[in-house]
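This briefing describes one chain.

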Amino acid sequence: MSFTLRRPEASVGRPASPRPALAAAMLGFALITLDTSVVNVALPAIGADLGAGTAGLPWVVDAYTLVLAALLLSSGALTDRVGASRAYGAGVVVFVLASAACGLAPGFPALLAARAVQGAAAAVMLPASLALVREAYGDPARRARAVSLWAAGGTVAVALGPVVGGALTTGWSWRGVFFVNLPLGLLALVPLTRVARSARGSAPLDLPGQLTAVTALGALTFAAVEGGTEAWWALGLAGCAFAAFLMAEARRRHPMVPLGLFRNTTVAVAMAAGSANSVAFYGTLFVFSLFFQQVLGLSALSAGLMFLPMTGLLAGVNLLSARVAARYGARLPVVLGQAVAVAGLLGLLTVDADSSRVAQALLLVPLALGAGFSLPPLIASMMEAAPAERAGTAAGLLNAVRQTAGTLAVAVFGSMAARSVETALRTSLLISAGLLTLTALASLRLPGRRVTEASGE
């Protein structure tokens, strides 16, 4: 997963070595991305222990990712105002405390509240972690390598998440998937003590935009999860909040999201393709977690191991994609990656309860190959298309949209799984394949020129 690239900030006394800043940033980003994937395999155990039905389980994922996506739009401005090192440190501390609250949650509502706080802390940590890297590395070439390592840390965490979650849930309890964040979070703070304090800035916060965005996203997700009569009221609220968001952004001198960005073809294509990528990847991960455990009867650990061939290839595919894009431009890897992902999704339609476990695990691989191959040049294309002074905003917007799309996918597919997991599996695969087909065709309009810099999943 890739997030906002912001301008280097001045720091108070640059450290002799940039390595502590990179180590802190990598550990923080890995911690955040681990939490997006480690929980999936623990969902059935959480539901059984806390008495939550299948329809409510998506909220364990969505309470985190929804708040994370919504607050990403303005957390970069907060980082600029208080300084990257302060924002990062505060974010890690709150994240650790919220993780402890998740592990100790006495009931389902308490767990969801703690997950929302986790998401808020993660939204602060993400831009702050990368800002630390940007401050520490003055040379562009060294900074590019450092950013690649930062991204690789998150990719490895995504790959290990299902296995770690399965091992903890099977060997101990679902509460272990949250308690594991405590030592990891404290470890992320250790190198921060050797990082120079970042200078404060004066970037304004767009509170009207933030409040209307959170309202719109929350109401939209509620409608997707709950369905029924309440969904229509929630959709109406989401529409009104979105209209208010557009009005607020159009009138503000320093809007959270400059609306002019949407008029750029490359920006529009990158946002659509990035969203389809998230729907396919995170939606499939969620539905197959339920399929492996509730239909096949696998343990949480066994379900996690089923994802290892899929997620284990992501880091290498990200790096390969960046090289191809640097030589041939963004269009080729983006279109090719989405085509491979579509083929993989259609191949997964053959999976049923009688399929061999090896075949099930291997059929997930093409989806990961395609998604991982197309995403880095998508991010690079959007940042290149945006004005230089808006590059960070463009990257943040893309990732907020991607997070929201993934959240909605989990909500919609989880709602379908409450009625039938097997039906939800096939329907989700067809929806994902259809979206990626459309965005692959739209991606033919991306520039074919060489791309010099890209970030991983």
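**Briefing**

At 71% relative accessibility, Trp233 counts as exposed (exposed means over 50% relative accessible area, buried under 20%, and partly exposed in between, with a 1.4 Å probe and protein chains only). Trp233 sits in helix α10. The model is predicted: local features need pLDDT of at least 70, side-chain atom pairs count only at pLDDT 80 or more, and totals for chains, interfaces and linings use all residues. Residues are numbered from 1 along each chain as its sequence is written, and side-chain values use heavy atoms, with hydrogens and water left out.

**The chain as a whole**

- The chain has 19 helices and zero strands; both are DSSP runs numbered from the N terminus, with helices (H or I) of at least four residues and strands (E) of at least two.
- Of its 457 residues, 58% count as buried.
- The chain exposes about 17,100 Å², and carbon and sulfur atoms supply 67% of that area (accessible areas come from the Shrake-Rupley method with a 1.4 Å probe, and for residues only the protein chains shown count as cover).
- Among contacts between residues at least 6 apart in sequence, 86% join residues at least 24 apart; a contact means heavy atoms within 4.5 Å.

**The largest cavity**

- Rolling a probe the size of a water molecule over the atoms shows where empty space is left.
- On a 1 Å grid over the protein atoms alone, a cavity is a set of points where a 1.4 Å probe fits but cannot get out, while a pocket is an open set with protein on both sides within 12 Å along at least five of seven lines; lining residues have an atom within 4 Å of a point.
- Grid points are joined across faces, edges and corners, and a volume is the space filled by probe spheres set on the points.
- The count comes to two cavities of 30 Å³ or more.
- The largest cavity holds about 140 Å³ of space.
- It is lined by 14 residues, and those closest to its centre are Val61, Thr65, Tyr282, Gln403 and Gly406.
- Two or more lining residues come from each of α3 (58-82), α11 (265-295) and α18 (391-417).
- Helix α18 gives the largest share of this lining, five residues.
- By class, the lining of the largest cavity has six nonpolar, seven polar and one charged (Ala, Val, Leu, Ile, Met, Phe, Trp, Tyr, Cys and Pro count as nonpolar, Asp, Glu, Lys and Arg as charged, and the others, Gly among them, as polar).

**The second largest pocket**

- The second largest pocket has about 410 Å³ of space.
- Of its 19 lining residues, Leu217, Phe242, Phe245, Val401 and Thr404 are the closest to its centre.
- At least two lining residues each come from α3, α9 (207-226), α10 (228-251) and α18.
- The largest share of the lining of this pocket, six residues, is from α18.
- The lining of the second largest pocket has 18 nonpolar, one polar and no charged residues.

**Residues of helix α10**

- Phe245 lies in helix α10 and is buried, with a relative accessible area of 9%.
- Leaving aside neighbours within four places in sequence, Phe245 is in contact with Gly209, Thr212, Ala213, Met256 and Val257.
- Phe245 and Leu211 are 34 residues apart in sequence, and their C-alpha atoms are 8.3 Å apart.
- Trp233 and Ala219 are 14 residues apart along the chain, with 8.7 Å between their C-alpha atoms.

**Residues of helix α19**

- Thr439 is in helix α19 (residues 421-442) and counts as buried at 9% relative accessibility.
- The side chain of Thr439 reaches the backbone oxygen of Leu436 at 3.2 Å.
- Not counting residues up to four places away in sequence, Thr439 touches Ala272, Ala273, Ala276 and Gln338.
- Ser432 is also in helix α19 and is buried, at 1% relative accessibility.
- With residues up to four places away in sequence not counted, Ser432 touches Val279, Ala280, Leu345 and Phe413.

- Thr155 belongs to helix α6 (residues 140-171) and is buried, with a relative accessible area of 2%.
- The C-alpha atoms of Thr155 and Leu314 are separated by 6.5 Å, with the two residues 159 apart along the chain.
- Ala371, in helix α17 (residues 365-385), counts as buried at 4% relative accessibility.
- Ala371 and Ala341 are 30 residues apart in sequence and 6.1 Å apart in space, C-alpha to C-alpha.

Note on methods:
Polar contact = N/O pair within 3.5 Å; in protein donor to acceptor, adjacent residues only side chain to side chain.
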